[in-house]
Amino acid sequence: MKAADPRLLFTGPSPFGWHRYETFMRCPAAYAFDLQAKAQNVRNDAPALIQGTLVHLGLAHHYARKQTPDTDLYPPLEAIRAHAEAERAAGGDAAAWTEAEAAACRALAGYAAHYAAERLRVEAVETVYALDLGDGAQLTMRIDLVVRDSAGKVYLMDHKTTGRMTSLHPVQYGASGQFLAYATLGRLKWGAEFGGLILNMIEIQDKTVRFDRPPLRVGPGRLAAFVSSVRDVARRMAALSAVPAQDWPRAPTEHTCWTRYGACAHLERCGATLPSGA
């Protein structure tokens, strides 16, 4: 839900972010069904998703208030509570939002204490940037945090919540188009000042919260091929734009229909929806 309260920052998706391309590449039909679900305002109160939403919001307020101390924005914990209450009032899963609220508040309190001595200068918080990659391929991104260190280097930081941190997280995310887009933007916008990408990892368990900030390195081969890859996907999206959702190609594999996060949100609908003329 987009924040109606002017004291709350909006931390949701950018207008045409990497998630759209990623979903289409995974399964064009899932992309089409996603667009319909958004148009119908279908809620998604998955616990991991709403916990991540609240932590992102709290961190956004934490850093926005560092950047502008006299802001009217809520303090981080108040922002989390206000947003959770608004979602409950809007018909959200009350138990899920209440549990996520408590976990997010605990995580933010621990985070503020853990990084109390950090001296990074905040350059931008939850700011949307756009790339025109040519051939009609537009890509936007809402970057969680842009900071500058004492040497003048600019880093793009992305907040990630998880139930268990592992050494594989930087490897997994380094292969994602989200961060290839960030790296492309960083080089184009900041040039020699661009220092790289950082994962701001927050592990939330029942009784403990842990933090880590591993650097994220993208493969040079993937980065060099990124623009042409996105252009290819954009062309295929455009070719299907007038086709009914039920007729978009489907990708029926166990890795597509059932991911590490569980079933595709459209698993049942896809299985029951017939193509036109069938």
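Strands (E, at least two residues) and helices (H or I, at least four) are DSSP runs, numbered from the N terminus. The model shown is predicted, so that local features need pLDDT of at least 70 and side-chain atom pairs count only at pLDDT 80 or more, while totals for chains, interfaces and linings use all residues. Residues are numbered from 1 along each chain as its sequence is written, and side-chain values use heavy atoms, with hydrogens and water left out.

**View A. E126 in strand 1.** E126 lies in strand 1, which spans residues 121-132, and has a positive phi of about 50° although it is not a glycine. With a relative accessible area of 7%, E126 is buried (buried means under 20% relative accessible area, exposed over 50% and partly exposed in between, with a 1.4 Å probe and protein chains only).

**View B. D135 in the loop between strand 1 and strand 2.** D135 is found in the loop that links strand 1 to strand 2 (138-148), and its phi, near 55°, is positive in a residue other than glycine. The relative accessible area of D135 is 57%, and D135 is therefore exposed.

**View C. L49 in helix 3.** L49 belongs to helix 3 (residues 47-67) and, at 42% relative accessibility, counts as partly exposed. Between L49 and L35 there are 14 residues in sequence and 18 Å in space, C-alpha to C-alpha.
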